[in-house]
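Student: I would like to learn how to read side-chain contacts in a model. Can we work through one together?

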Amino acid sequence: MSAAGLTWSLRGRGAADLPVLADQGTPADGADGGGTGKGVRVCVVDSGVEPDHPLVGPLDGAWAVVRDPATRELVVRPDRTGDTCGHGTACAGIIRRTAPDCGLYSVRVLGERFTGTGDMLLTGLRWAVEQGFDVINLSLSTTRTRFLEELHALADDAYFARTAIVASAHNTPVESFPWRFSSVISVGSHQEDEPARHLYNPAPPVEFFAPGQNVRVPWLGGASIRTTGNSFATPYVAGLCARLLSRQPRLTTFQLKSALYLTAANVRPVPSTPTPEAPDDTQH
């Protein structure tokens, strides 16, 4: 963004000069039911997605980060390979199960045996943000701090452009990115028996916990397996975001976080305290 597009203060203008068109109702109305993801575009940045897997269905588009043979630069190209290791298909299946009517897209940044580089992750994520997807599921991260600054700027760009990046926390207590950034929606897994609930974490940086332990997911060859990891809690929250946006498409990432917070199973409203009556000063 150019400096001319930045607003540092508000002088000489008021509310009437800054109209905002918002949906009716509170954001919390849609997280637990009603929305199906219809009209919302969700992109899975991962290992690809197996085409026409029975638990995923058709993709609306698939691309891959590859190295251009002439320039040797990383570029994004249409992809027909599908999934190289099953991870992306698993995430896509959870999104489809949670938000069955969403548009589903794939950007492959991982190869066989989960191999990939921070540069490939950045290239694929940047391309997805530039396409203006509504939700990006990122069930992977990098521990390489040399990518930190660029990833942080990219996450902020997505946040302000109303592209919600739903990012998986690392499965071990190490620093990795971009889930550590407040501009993304960060997710870990919980062990609750109820498969359709999420929890708010009052001690961030992980913001939400969702079902991701011993969950059944689609895998390569049209099969399904049971597996565990924060990777598989993340697409559940991405699906919830798609459901919210299908009902209230103007929600920002900030509002999506608020809606997820308000509908978390462990969040309860504080009972209102009755206002004490004012003393009666009437003279008798």
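Student: Which residue forms a salt bridge with Glu207?

Tutor: Some ground rules come before the reply. This is a predicted model, where local features need pLDDT of at least 70 and side-chain atom pairs count only at pLDDT 80 or more, while totals for chains, interfaces and linings use all residues. Residues are numbered from 1 along each chain as its sequence is written, and side-chain values use heavy atoms, with hydrogens and water left out. Now the general idea: side chains of opposite charge can pair when their charged atoms come close. A salt bridge needs a side-chain nitrogen of Lys or Arg within 4 Å of a carboxyl oxygen of Asp or Glu. Here Glu207 pairs with Lys257, with the closest N and O atoms 2.9 Å apart. The pair links distant parts of the chain, 50 residues apart: Glu207 is in the loop between strand 8 (199–200) and strand 9 (208–211), Lys257 in helix 5 (residues 253–262). Helices (H or I, at least four residues) and strands (E, at least two) are DSSP runs numbered from the N terminus.

Student: How many salt bridges does a search of the whole structure find?

Tutor: Six. One of them joins Asp79 and Arg108, at 2.9 Å from N to O. Asp79 lies in the loop between strand 3 (74–78) and helix 1 (87–98) and Arg108 in strand 4 (residues 103–108), so the pair ties together parts 29 residues apart in sequence. Both residues are buried. Another joins Asp119 and Arg146, at 3.9 Å. Asp119 is partly exposed at 35%, and Arg146 is exposed at 61%.

Student: How many aromatic pairs are there?

Tutor: Rings of Phe, Tyr and Trp (its six-membered ring) pair if their centres lie within 6.5 Å; planes under 30 degrees apart are stacked, over 60 edge-to-face, the rest tilted. The count is eight. Among them, Tyr105 and Phe133 are tilted, 5.0 Å centre to centre and 50 degrees between the planes. Ring pairs link Trp63, Tyr105, Trp127 and Phe133 into a cluster.

Conventions: Buried < 20%, exposed > 50% of the residue type's maximum accessible area, 1.4 Å probe, protein only.
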